[in-house]
Amino acid sequence: MCKRQWHDVDGIAVLACGRFWDVLSVPEELGVLALDVLLCIPQPPGPALMDAAARRVAFFLPPDPQGRWIGSGIRYAGQGSWIAVPAPHRLAGRLRWLVPPDGSGALFVPAAVELALQFALGRLAAQGDPKRRCPMCGTPAARPVHRGNASPN
């Protein structure tokens, strides 16, 4: 059924989460940095999917019925959820694989993803650009307070 959906006009299949994998979706800016970190560790990566329209990156993790990922902008899809995916090695409109599934069944290790996300968030915070938005919630970052020789008047 999946292959049939991939060969349809839009090339997208809708797959159930919670049996073979769960999916963690994060804002694009954070997800791309975290993926860079994950690709540097000596372990086969799991699939990672980019939704260009929603500006999100999704990491495929082992199923975890008790899985709880908490944070602003974090979305976790487990049992009872569905995800739209393009065929491996194919662009399908707004969806594209950053790391396509390779048939090996490799998935990202949740603890490694958590550490990579923490590292990426710290890196974004350290950049300190006052025009930037928070990668988790999208609110503008606070402007730095200047404490130079400016008079209070």
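Angles between N-to-C directions run from 0 to 180 degrees, and those under 35 count as roughly parallel, over 145 as roughly antiparallel, 65 to 115 as roughly perpendicular and the rest as oblique. Welcome to a predicted model, where local features need pLDDT of at least 70, side-chain atom pairs count only at pLDDT 80 or more, and totals for chains, interfaces and linings use all residues. Residues are numbered from 1 along each chain as its sequence is written, and side-chain values use heavy atoms, leaving out hydrogens and water.

View A. H2 (residues 28–38) meets H3 (residues 110–127) at about 120°, with axes (lines fitted to C-alpha atoms over the stretch in contact) 8 Å apart. Contact (heavy atoms within 4.5 Å) involves residues including Leu30 and Leu33 of H2 and Ala116 and Phe119 of H3. By class, this contact has 13 nonpolar, no polar and two charged residues.

**View B. Arg55 sits in a loop with a positive phi.** Its loop joins strand E3 (48–51) to strand E4 (56–61). Phi of Arg55 is near 60°; most residues other than glycine have a negative phi.

**View C. Gly67 is buried in a loop.** This loop lies between E4 and strand E5 (75–77). Gly67 has 17% relative accessibility, and its C-alpha atom is 9.4 Å from that of Ala77, 10 residues apart along the chain.

**View D. Two cysteines, Cys17 buried and Cys40 exposed.** Cys17 has 4% relative accessibility, whereas Cys40 has 66%. Zero disulfides (cysteine sulfur pairs within 2.5 Å) turn up in the whole structure.

Notes: Helix = DSSP H or I, 4+ residues; strand = E, 2+ residues; numbered from the N terminus. Buried < 20%, exposed > 50% of the residue type's maximum accessible area, 1.4 Å probe, protein only. Nonpolar A, V, L, I, M, F, W, Y, C, P; charged D, E, K, R; others polar.
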